[in-house]
Amino acid sequence: MIDVAHLTKCYDQFTAVRDLSFSLGPGQVMGLVGPNGAGKTTTLRCIAGIIPPTQGSIRLGGVDVLAQPAEAKRQLAFIPDEPRLFEYLTVAQHLNFVARLYGVSDYVARAEPILAELEMTDKKDMLPGELSRGMKQKLAIACGLLHQPKAVIFDEPLTGLDPGGIRRMKEVMRRLSRDGTAIILSSHLLSLVEEVCTHLLILKNGEKVADGTVAEVQARYSGGSDISLEDVFFRATGDVEQRPS
Ligand code: ATP
């Protein structure tokens, strides 16, 4: 569903991502983790067609992002950590607008259950300025899911959500996975990654240091003992763990 082959991205002379390859199938949920500056956002922006790769190819649902950008983007929803909304459109108008962009004809019927799942039904007539940060985040998610994408990228999806919103967000990710959606979840919250991800990709300095199923990556770094994903992260990246003194 998401196929990245030999992706390299340079900003001038600086190589932010180097020769990265991975594939993600339907229903798989991949945690993309790595220290600050590892190249996660750069990778996600290339996959979403926001910036062009310097080298390599990306296919979404079999469609090449560079060769057929519009068709490839139909396969995908990219939910950034900072929701970008239109100040003068209500929640319902946002959904109407996105439905028209993607040619979703039965948008009301599709929007209703998504809004209900995100507990936003009673916010339909509100403008972004009247929504809390978490509600804006949920609206961005509702807009992203309206055209039933085969692949969804979540970049730090829990930012600004309250405990109820966090639980709901995890349920949404699990539901999407059950329905066959491939998901990339980029987050520094390793407990979230541990809870919802089936697969893991660890980046450091723009390079892949580990990938596979969560169990495979854990086994590679566990040394036979039962260790947390946090321990795996520190062992894989070679970062010094900061423990409170
Ligand atoms: P974080 O966890 O801090 O969000 P990240 O893993 O998402 O980090 P990126 O934002 O992809 O990392 O950045 C990777 C590297 O590329 C960093 O060294 C960053 O300074 C550099 N970089 C990112 N965007 C640009 C840009 N537009 N121009 C030049 N360098 C950039």
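**Exercise 1. Determine how many aromatic pairs the model holds, and describe the pair that Phe86 and Phe97 form.**

The model is a predicted one, in which local features need pLDDT of at least 70 and side-chain atom pairs count only at pLDDT 80 or more, while totals for chains, interfaces and linings use all residues. Residues are numbered from 1 along each chain as its sequence is written, and side-chain values use heavy atoms, with hydrogens and water left out.

Step 1. Rings of Phe, Tyr and Trp (its six-membered ring) pair if their centres lie within 6.5 Å, with planes under 30 degrees apart counted as stacked, over 60 as edge-to-face and the rest as tilted; the count comes to two aromatic pairs.

Step 2. Phe86 and Phe97 lie 5.3 Å apart, centre to centre, with 85° between the planes, and the pair is edge-to-face.

Step 3. Phe86 sits in the loop between strand 6 (76–79) and helix 3 (91–102), whereas Phe97 belongs to helix 3, 11 residues apart; helices (H or I, at least four residues) and strands (E, at least two) are DSSP runs, numbered from the N terminus.

**Exercise 2. Decide whether Phe86, Phe97, Phe233 and Phe234 are buried or partly exposed.**

Step 1. Buried means under 20% relative accessible area, exposed over 50%, and partly exposed in between (1.4 Å probe, protein chains only).

Step 2. Phe86 has 43% relative accessibility and therefore counts as partly exposed, and Phe97, at 34%, also counts as partly exposed.

Step 3. Phe233 and Phe234 form an edge-to-face pair, with 5.5 Å centre to centre and 85° between the planes, and both Phe233 and Phe234 are buried.
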